[in-house]
Amino acid sequence: MKSFNKFTQCLVTAVLFISGGVFAQIPDQATAPDALIKMVVTDVMASVKADPDIQKGNIPKIVELVEKKIVPYTDMRRTTEMAMGPNWKKATPEQQSQLVMEFKNLLIRTYSGALSQLRDQTVQFKSLRAAPDDKEVVVKTVVLGRGDPVPLDYRLEKTDKGWKVYDMNIMGVWLVEAYRNQFSNQISQNGIEGLVKFLQDRNKQLATAKPAN
Amino acid sequence: MNLLVGLTSKVKRLSILCLAALMMGCASLPAGVEPSPHDPWESFNRPIFEFNEVLDAYVLKPVVAGYRFVLPEFVREGIYNFFSNYNDIYTALQNMLQGKPDFAFNDLMRVVVNTTFGLGGLIDMATPGGLEKHKEDWGQTFGVWGVPAGPYVVLPFFGPSNVRDTFGTVADLESDYFFKYINPVGLRNSLTGLRVVNSRNTYYEAGDLLDGAAIDKYSFMRDAYIQRRQYQINEGRDDEEPTMPPYQNPYE
């Protein structure tokens, strides 16, 4: 009898634990890449739709949301490194961390602007085509509603801290690829310091700009 | 025959426009810009790009702003849906030509559903019903047939393109039969104007975001265009690989 009690206790705890995990939907290190994207996107969309401030274009509030709910699942250092290409090695460690920070802020601003335009869109998650031992995968989604459907793909890599997004494809355009030439042109014109300064100035300018809607 | 004559006259008109734009801006690259292998004509393209930017900022965008101010969202949505439904007819044909009968059938069903239940195309009933929207044009069809893109070109008024897609755009305009035969001319011109305003309206907000995100808008748009067209051409193919640009990362 006693052992039976203990068994049910364990069972109840287990069920509570599992259902807690399901309802809270917080990705952890073991979460599969497609499940991770689905959780993060669903969560962010729900937060945006539930918040009238965000829909009015309150950018600081959106930036906060992005910092909290999206940035932890990204690897911005890798993104910056890829976009910099061979110039990455020419940057001092200090410049590297400045670049990562400024590029991250620029992308967050842009992404936040896009989020503030979310209304009644829905996201369709395509099934993942990857082998179980893949270290890099592309998770494909499509945003539907308002105008043409927008394909939105995420490229993730497996790290020891779980899957991290390091590149995004918007309507067929990979972010890293789209910035690569822009970065190298800016560097050959004004050097790495010039690129850092350009990004800093742009971020300051965007921070003071009036919200679009 | 008629088509051929029309085509050549349009090509002529386009090339005259190109020439005019070329003469306007004297060709030189900003210092330090590394030439891209896809864009040997950059020094000609940049002035045309600047011309389009100015035209957009001072004419098209203000008109679209007025359009958004005057018409409520659901009316604009209806207008968008109407043109989108009309374009689906062409997308169905293009998908047939590209050897994608399943996509073509899907597109045709969209037109049927939206034209009837969607009140002549004003409401998009097909997308929530599970019929996916596609977008195909002659440039993509040529691409699927194996025609190489050729160098990058910026067309006056039409924007980013390449040699293949320039012919594609001409063919798109030329095969736009329903619009071509609308009488009287006044109605046709107003509808064409509305169509242009509608298509600019679809990226009204996105355009501002792009301005904020771009370091050099010209090369941003170019690199994005080149990638996007390749993506569109590969779309829906069985042998479709996830379009991964080859990443050489010597830092690991």
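**Buried residues, a helix and a chain contact**

Author: In this predicted model, the buried residues of α2(A) are A:P33, A:D34, A:L36, A:I37, A:V40 and A:V44.

Reader: What puts these residues on the same side of α2(A)?

Author: The arc they cover around the axis is only 155 degrees, and therefore they lie on the same side of α2(A). On the other side of this helix, A:A46 and A:A50 are exposed.

Reader: Which elements do the buried residues of α2(A) pack against?

Author: Their partners in chain A are α4 (59-69), β1 (122-125), β2, β3 (150-159) and β4 (162-170).

Reader: How do you know that the span of α2(A) is close to the expected one?

Author: Helix α2 of chain A, residues 33-50, has 18 residues. From first C-alpha to last it reaches 26 Å, which is set against an expected 26 Å at 1.5 Å a residue.

Reader: Why is B:D107 called buried?

Author: A residue is buried if 20 or more other C-beta atoms lie within 10 Å of its own. B:D107 has 28 within 10 Å, and therefore B:D107 is buried. This residue is found in helix α4 of chain B, residues 101-116. Not counting residues up to four places away in sequence, B:D107 touches B:D88, B:T91, B:A92, B:N95 and B:H134.

Reader: What makes up the contact of chain A with chain B?

Author: Chain A gives 31 residues and chain B gives 30 residues. On the side of chain A that touches chain B, α7(A) gives the most, with 11 residues. By class, that side has 14 nonpolar, 12 polar and five charged residues.

Key. Residues numbered from 1 in each chain as written. Chains lettered and ligands numbered in written order. Predicted model: local features only at pLDDT ≥ 70, side-chain atom pairs only at ≥ 80, totals over all residues. Contact = placed C-beta atoms within 7 Å. Helix = DSSP H or I, 4+ residues; strand = E, 2+ residues; numbered from the N terminus. Nonpolar A, V, L, I, M, F, W, Y, C, P; charged D, E, K, R; others polar. Buried ≥ 20, exposed ≤ 12 C-beta atoms within 10 Å, placed from the backbone. Expected span 1.5 Å × (residues − 1). Arc of directions from axis to C-beta.
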